[in-house]
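Welcome to this structure! Here are a few friendly notes to read alongside it, taken point by point.

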Amino acid sequence: MTIKSEKTRVLVLGGNFAGLGAAQKIRDLAGDAVDITVIDRKAYLDYIPNIPLEIFEGRDPAVTMHMPLVEALAKDDIRFQQAEVLGVDVDARRVTIRPSERPGAPNYDIGYDKLVIALGARLAYDEIEGFEQFGHTVSDAWHANRLIDYLEHDYNGGPIAVGSARFAQGKRGRPDWLPTALAACEGPPVEVSLALAHWLGEHDKGSAENITIFTPGAMIAEDAGEKVVTQLLTAASEMGFTYLNKTEDIARLTRDTIEFADGRSIEAEVKIVFPNWKPHEFLRGLPISDEEGFIVTGMDMRNPDYPDVFACGDAAAITVPKLGAIGHQEAEVVGRQIARDVGRMSADEANVPWQPEVVCIGDMGGGKAFYIHANSWFGGDVQELQMGHLPYAEKLAYKELFFRNHGRVPGWGLPVAQWSAENIAV
Ligand SMILES: Cc1cc2nc3c(=O)[nH]c(=O)nc-3n(C[C@H](O)[C@H](O)[C@H](O)COP(=O)(O)OP(=O)(O)OC[C@H]3O[C@@H](n4cnc5c(N)ncnc54)[C@H](O)[C@@H]3O)c2cc1C
């Protein structure tokens, strides 16, 4: 199948945070010089960061966290195709897809001039032994609802373990300044532990003392910086949490325990885990991928060997930790580079250097949240932590703004959130 156009054909694979953000930025900056098509297997954006907050506040994230995607794209004259992406051939400039609205469709090949890979990652729960019978998680509405059902109806008040499996980060093409992360994204286990402790208290089912937080790394949420994590851990230990580091990996889950790769094992009635973020299998072995299957790019989000191929969000090798906020920053870089390629932006303007930043607001229950803003992971000196009602209000407001503006968070959205969280104590 060929998209016929005189204009530069931009194909964006994936329509969640990175894909939608990139498509909108490309439209903003490259204007009518491009035809843009977004392909995703589902026709909505899944607002993943607020799923834990929604379940602990008694709302079904399938109802509240799915934003219609097709309408959002149509506002910017961006075409949407609901299809499964099956393969990418960067030499032939072709992507193989299968329409996914109804089963039974054949495969089609679709050509492109510029390709943006924003397919996220595969959350490999199926590689954790015992997860299906004994594991829980919160990274999608289905699993989040399964967890809350268990806590409400079956929980016997036993110990709870919350933490991550080992993340396998690639090395090929990795810049020297990017450290090795042992977990892909550790804001969520911290957030879930804090919010769950509050939920247990509210429901007379326990407290922080029921919960062990574990990490494969030397320090949980390393990317937030030592100063921030020390403050967080001090607060957590005063609340009664147990903390276990250097577990290396999750070896297996059993009915009553969680076993770690370092040989330790702890009692746990409930095991809330975050897996290895693995690239999609069809991306592994491509000339644009590292040895794990993440897409290699420079800071311009462009593959060095195939300069018409871009990546942003969790699918990009450079995105570590795997954070939507970083994907958002990268989407803008992609927009600038493509605008430059089609003559709508000067090289100087397109190449403005950017420094990745960790920005994360995590629910703590009871109308409070923590706010982290840090770039120490990337060699900078920013390490900000705030806790209180204001970050919570920001978390809700940001989601509201995102949905109302169809994913277009106004330029001031993030900076205002940053400024107010760092300067107003409530
Ligand atoms: C519980 C939890 C809480 C989090 N909280 C935060 C937070 O507070 N702040 C933050 O910045 N980040 C947070 N994150 C991380 C954040 O969710 C991810 O970094 C972000 O979703 C990545 O965006 P993405 O668009 O790159 O990938 P994804 O969101 O994974 O989107 C990938 C898209 O590609 C589509 N797709 C994948 N494969 C195919 C295929 N083969 N064919 C067709 N379509 C396909 C998917 O349907 C999806 O729409 C959290 C993550 C979790 C699990």
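1. A word on terms before we start: Ala, Val, Leu, Ile, Met, Phe, Trp, Tyr, Cys and Pro count as nonpolar, Asp, Glu, Lys and Arg as charged, and the others, including Gly, as polar. With that in hand, the shell around the ligand splits into 17 nonpolar, 11 polar and 6 charged residues.

2. Please keep in mind that this is a predicted model. The mean pLDDT of the chain is 95, and 95% of the residues score at least 70. Among the elements, strand β8 (residues 114-117) has the highest mean, 99, while helix α12 (residues 413-423) has the lowest, 63. Where pLDDT is low, the predicted coordinates should not be read in detail.

3. Now to the ligand. Of the 34 residues around the ligand, those that come nearest are Gly14, Asn16, Pro49, Gly120 and Gly313. Elements giving two or more residues to this shell include α1 (17-30), α7 (187-202) and β20 (358-365). Domain 1 (8-121 + 279-350) and domain 2 (124-276) each contribute at least three residues to the shell.

4. The chain also has a domain 3 (356-426).

5. The largest nonpolar core has 129 residues, and Val116 and Cys312 have the most contacts inside it. Among the residues that Cys312 touches are Val116, Ala118, Met301 and Val334.

Notes. Residues are numbered from 1 along each chain as its sequence is written. This is a predicted model: local features need pLDDT of at least 70, side-chain atom pairs count only at pLDDT 80 or more; totals for chains, interfaces and linings use all residues. A residue is near a molecule or strand if its C-beta atom, placed from the backbone, lies within 6 Å of it. Helices (H or I, at least four residues) and strands (E, at least two) are DSSP runs, numbered from the N terminus. Domain bounds come from an automatic or database domain assignment. A nonpolar core is a set of buried Ala, Val, Leu, Ile, Met, Phe, Trp, Tyr and Cys residues joined through C-beta atoms within 7 Å. A residue is buried if 20 or more other C-beta atoms lie within 10 Å of its own, exposed if 12 or fewer, and partly exposed in between; C-beta atoms are placed from the backbone. Two residues are in contact if their C-beta atoms, placed from the backbone, lie within 7 Å. pLDDT is the predictor's confidence in each residue, from 0 to 100. Lists of a residue's contacts leave out its neighbours within four places in sequence.
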